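Student: Could you walk me through this one? I'd like to take the pieces in turn and see how each answer is reached.

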Amino acid sequence: MSARLSCSSARCVGRVIKSQTASPLSRAAPAAVTLPQTSISSTRHYAVASRALPTALGKLQLPEDYVSPTKPPTARRPETRKSQMIRAYTALLRSTPLMLLFQHNNLTAVEWSAVRRELRRALREVPAPIAGPDGSVPVDITESIHFQVLRTRMFDVAFKVVEFFDAEEAAKQSNGYTHDLSQTAYEAIQAADTTNPNTAYAQISPLLEGPVAALTFPTVSPAHLAAALKVLAPSTPDFPAPTRRKYPGYYELAAQSGLQKLLLVGGRVEGKAFDYQGVRWVGGIEGGLDGLRSQLVYMLQSAGLGVTTALEGHSKGLWLALESRRSQLDEEQNPKKEEGEAPSS
Amino acid sequence: MITRFITEVNTKFNPFSTAARSTRLFLSSLPANARNQGMKIDTKLLPRTSADPAMLQVKFKDGKEMNLDGAKLGIKGIIEEVDRHSRFLQKQVDLNDG
């Protein structure tokens with residue numbers, strides 16, 4: 001029913017566009033007699049394409065809301081469409097600075113829900129962010145952390161688009177489309193050197209093999225990362241698993257068998273590839289970015305103190321040496337006086 | 001793949017190396033209830049800088065141990081090797097039962 005509705009609406013839109021495009025053309029003929037230059041530019045629907053560029057013919061731009069009358073929009077669910085997936089993944093990659101990649105080996109639906117439940121419970125217990133010095137409270141990201149299964153081939157393509165396609169640069173070179181699904185983007189990722197080991201793509205793409213799930217954080221928050229690691233990939237000294245007494249749900253059969261099948265293979269932090277040790281290091285940063293800043297400030301302050309004491313030290317030593325020498329000289333002079341005075345008294 | 005006769009799977013790999021691909025795929029081809037049926041699966045991840053080759057050790061019910069080189073065999077080769085011995089065990093079970 002909904003499919004039929006959307007098709008019919010698409011045709012309507014198509015008709016509207018047709019009528020819009022047809023009417024200026026019909027009106028253009030009389031106007032052309034008086035003002036040929038302006039009328040031509042006004043009749044053209046596509047102002048950008050009308051520029052006489054050599055590449056313009058192959059790269060016409062249609063209006064934003066154009067719907068082809070012969071090719072109505074698909075009736076497939078949008079989240080399963082490949083084009084929509086690539087859009088979603090490119091948006092995800094651009095907006096997510098911290099992403100953990102897990103291999104999931106045949107988890108059942110019950111196990112997935114148990115794992116997600118425990119993850120959500122652990123994340124909810126992370127203390128809310130404290131207000132900054134200027135009184136602004138940072139956004140609580142707990143509800144925006146998602147654990148989702150990736151379609152690896154689609155994710156791979158989206159990753160290439162994000163890494164190797166610069167839309168602004170492409171827009172300067174031609175007037176074609178420059179969105180993520182465009183021909184320009186396709187040509188850019190085809191021409192790119194994907195095997196260059198310096199690119200983040202070449203470093204992370206070996207991880208995107210087989211079944212992969214991603215845990216995505218909207219900001220680099222070591223507190224949330226540590227809470228997630230304690231549940232999903234516990235390790236004894238730094239990220240201990242929740243205790244059985246306090247969290248019996250974590251030790252349910254479904255949750256445990258699900259967690260056994262999850263394997264933390266790596267992560268992407270601020271566009272760089274990290275292995276599981278690197279991810280744990282990020283999770284171990286106390287107090288997040290502010291913590292790092294305060295550490296730096298402390299280090300600089302203590303270094304300054306050291307420098308001043310070191311600089312003072314020499315002058316102090318010199319002063320002490322001179323002072324001791326003076327007292328020594330005084331002593332050398334004084335005993336003579338005392339000796340000289342003694343016989344007189 | 002016949003997994004009935006596998007009792008233990010030990011793997012060790014560096015996920016950042018392309019040679020570990022087939023070993024990882026082998027892990028994902030084990031059934032969802034493998035651990036409940038008594039299969040021991042132990043996976044050790046190597047750090048990113050490590051250049052050690054991926055290790056895949058499979059033990060069977062009759063005590064046979066297989067050390068498979070994932071980089072050379074590929075996932076199809078691994079499954080072929082494992083199935084070859086599993087079919088042999090299956091044949092024995094069928095003869096004894098029937």
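Student: What is the strand order of the open sheet of 4 strands in chain B?

Tutor: This is a predicted model, in which local features need pLDDT of at least 70, side-chain atom pairs count only at pLDDT 80 or more, and totals for chains, interfaces and linings use all residues. Residues are numbered from 1 along each chain as its sequence is written, while chains are lettered from A and ligands numbered from 1 in the order in which they are written. Strands (E, at least two residues) and helices (H or I, at least four) are DSSP runs numbered from the N terminus, and two strands pair if DSSP finds at least two bridges between them. The pairing in this open sheet is mixed, and the order is β2-β1-β3-β4.

Student: Which are the edge strands there?

Tutor: An edge strand pairs on one side only. The twist of this sheet averages 10 degrees from one strand to the next, with axes being lines fitted to C-alpha atoms (for helices over the stretch in contact) and angles running from 0 to 180 degrees between N-to-C directions. The edges are β2 and β4 (65-68) of chain B.

Student: Do β1(B) and β2(B) run parallel or antiparallel?

Tutor: Strand β1 (residues 6-13) and strand β2 (residues 40-45) of chain B are joined by 6 bridges. One pair to look at is B:N10, whose bridge partner in β2(B) is B:D42. The two strands run parallel.

Student: What is the handedness of the β-α-β crossover between them?

Tutor: From β1(B) the chain passes through helix α1 (residues 21-28) of chain B to reach β2(B). Point the strands away from you: a crossover is right-handed if the path from the first strand over the helix to the second runs clockwise. This crossover is right-handed.

Student: Which residue stands opposite B:N10 in β3(B)?

Tutor: β1(B) also pairs with strand β3 (residues 55-60) of chain B, in the antiparallel sense and over 6 bridges. In β3(B), B:V9 has B:V58 as its bridge partner. Opposite B:N10 stands B:Q57.

Student: And which residue is the bridge partner of B:Q57 in β4(B)?

Tutor: β3(B) and β4(B) run antiparallel and are joined by 4 bridges. Their hairpin has 4 residues between the strands, and B:G63 takes a positive phi near 95 degrees there. The partner of B:Q57 in β4(B) is B:N67.

Student: At about what angle does helix α2 of chain B run to β4(B)?

Tutor: Along the sequence, chain B reads β-α-β-β-β-α. Helix α2 (residues 70-97) lies across β3 and β4 of chain B. Its angle to β4(B) is about 165 degrees.

Student: Why does B:M1 count as partly exposed?

Tutor: B:M1 is in the segment before β1 of chain B. Leaving aside neighbours within four places in sequence, B:M1 is in contact (C-beta atoms, placed from the backbone, within 7 Å) with B:S29, B:I79, B:V82 and B:D83. A residue is buried if 20 or more other C-beta atoms lie within 10 Å of its own, exposed if 12 or fewer, and partly exposed in between. B:M1 is partly exposed because its number of other C-beta atoms within 10 Å is 13.

Student: Which element gives the most to the side of chain B that touches chain A?

Tutor: In this interface, 17 residues of chain B are in contact with 17 residues of chain A. The elements of chain B giving two or more residues to that side are α1 and β2. With 5 residues, the one that gives the most is α1(B).

Student: Over in chain A, what is the order of the open sheet of 5 strands?

Tutor: Strand β1 (residues 98-104) and strand β3 (residues 212-217) of chain A pair over 6 bridges in the antiparallel sense. One bridge partner pair is A:L101 with A:A214 in β3(A). The pairing in the sheet is antiparallel, and the order is β2-β3-β1-β4-β5.

Student: How many residues of helix α9 of chain A are buried?

Tutor: Helix α9 covers residues 222-232 of chain A and is largely enclosed by the rest of the structure. Its buried residues include A:H224, A:K230 and A:L232.

Definitions and conventions. Contact = placed C-beta atoms within 7 Å.
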